[in-house]
Amino acid sequence: MKDKYAALDVAFREAKQWLENLDQNPILNKADREELLNRLMVAMPEDGMPGEDVVRHLVDNCKDNLLGSPGGRFFAWVIGGGLPAALASDWLTSSWDQNAVLFACGAAVNVVEEVAGKWILELLDLPRESSFGFTTGCQLAHFTCLSAARYKVLKDLDWDVNQDGLCGAPQIGIFTSEHRHGSVDRAVRYLGLGNKCLHKIATDAKGRILKEEFAKKIQAYSGPKIVVLDAADLNIAAFDSFSELIPIAKEHNAWVHIDGAFGLFARASLRLKNFTAGIQQADSWATDAHKWLNVPFDCGIAIVKDRESHRNSMTIHAAYMPPHKTARDQIDWTPEWSRRARGVPVYAALKELGKKGVADLVERCCDHCAFFVAEMEKLPHTEIIWKPTLNQALIRFCDPEGNNSNDHDKYTQQVVRKVNESGEAFFSESKWDGNVVMRVSVVNWQTTKSDIERVVQAFKNVLH
Ligand SMILES: Cc1ncc(COP(=O)(O)O)c(C=O)c1O
């Protein structure tokens, strides 16, 4: 009898091979758009084909154009890998195909998500009474948290945003760092607040919001206020001074939201937790499981201390979807209606690592980043712009024949390109103080000390 799920076997074999080969294969693959279009942009077929052939077709046409970002020598952006149990449970989540909208649509995954959320609160040592929602990423976690914030700061002024919208509403002011991530601006746009409501505050040499400027700006604003602080900015992992800034924000009745896309995971480590001192006094926190917890894309987490505001800003009822009396229906806490149970891989990652394993993963990445920078510092033409305090560093390469910053910008781009083209490692660029820099981000469970040595050798080959 024909196996109607033969496609799964092909996918399993191919997926395993891709993962097992990550270490040998070049990280940068061809990325040839023209060729990909030639292969894939064909007329939509009139007739179908067996599932296993579809999977083979996808593998054959995509495999030489995949970026090796799940591997241990990928240091661009902030992209974590996928822990084996997290990845396997992600496959299960797809196979079970439960609609994680209500307990009624999938009791088991509903409870798994509830436990995963509670474990996250414990791991990150955030107020245990907080509510949470598993979103697609930190972008939507910001949206979710800031929806709750918008609801609350307006409700405090007797304005019901759910009923009355924003026309004529008191103008909300959002106070935030000049180094905030663009996903904050986008969440603000989604919420109809407009980017003009962002009051950007200058930072010190360590990338932290200047307290005096913050106090002055927030004091001068009479409308409803939201403050967004960084728990590790995208370039240098700068943590704002929560214990100084949050009390000031609270004096002015502001809602405090934290962008902790990856930095919030420093709280899993006793050694690193101090960077986040005072952060538990905030009102909401957005983070990602697909970054430092190393679950596969996509999974962000929105955490809100004021459960009522969180629920009121998200919940919806429909006659055909009766709420459960005691269970935590996910639709009350997330912006989506139908959704995959993306909290299941979070449960699996936490079970696979345990609290000690998460702490070890986070500390290991920081140690690898420090070791990498220490080795790079010995190389010619290499200037360390930011020594890692956490897992992020910035490096610039100086053109030995150049004499201005333009030359060094070009040389930096050239070195990064050559190393990426070698297939031995992969880095991305950024700008710091107006100059091109290479950004280093270590967030993958697979990275080892010998990976770092191999990557340093790749730079030696280019910089001799
Ligand atoms: C500091 C920071 N905040 C927010 C985001 C957005 O996260 P996501 O891509 O999961 O939406 C990122 C992404 O890299 C980030 O680095």
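**Reading the salt bridges**

Modeller: Let us begin with D90, which is buried, with a relative accessible area of 13%. Please bear in mind that this is a predicted model.

Colleague: Why does D90 count as buried?

Modeller: The term applies under 20% relative accessible area. D90 has 13%, and therefore counts as buried.

Colleague: With which side chain does D90 meet in a salt bridge?

Modeller: As a general idea, side chains of opposite charge can pair when their charged atoms come close. Here the partner of D90 is R340, at 2.8 Å from N to O. The pair links distant parts of the chain, 250 residues apart: D90 belongs to helix α4, and R340 to the loop between α11 (307-314) and α12 (343-376). R340 counts as partly exposed, at 27% relative accessibility.

Colleague: Where do D64 and K30, another pair in a salt bridge, lie in the chain?

Modeller: Their side chains meet at 2.9 Å, N to O. D64 is in the loop between α3 (51-62) and α4 (84-96), while K30 is in the loop between α1 (6-20) and α2 (33-40), 34 residues apart. D64 counts as partly exposed at 22% relative accessibility, and K30 counts as partly exposed at 45%.

Colleague: Are R396 and D409 buried or exposed?

Modeller: Both R396 and D409 are buried. They form a salt bridge whose closest N and O atoms are 2.6 Å apart. This pair links strand β9 (residues 392-397), which holds R396, with helix α13 (residues 405-422), which holds D409.

Colleague: How many salt bridges does the structure hold?

Modeller: There are 32 salt bridges. Salt bridges that share partners join E113, D298, E336, R339 and R342 into one network.

Methods: Residues are numbered from 1 along each chain as its sequence is written. This is a predicted model: local features need pLDDT of at least 70, side-chain atom pairs count only at pLDDT 80 or more; totals for chains, interfaces and linings use all residues. Side-chain values use heavy atoms; hydrogens and water are left out. A salt bridge is a side-chain nitrogen of Lys or Arg within 4 Å of a carboxyl oxygen of Asp or Glu. Helices (H or I, at least four residues) and strands (E, at least two) are DSSP runs, numbered from the N terminus. Buried means under 20% relative accessible area, exposed over 50%, partly exposed in between (1.4 Å probe, protein chains only).
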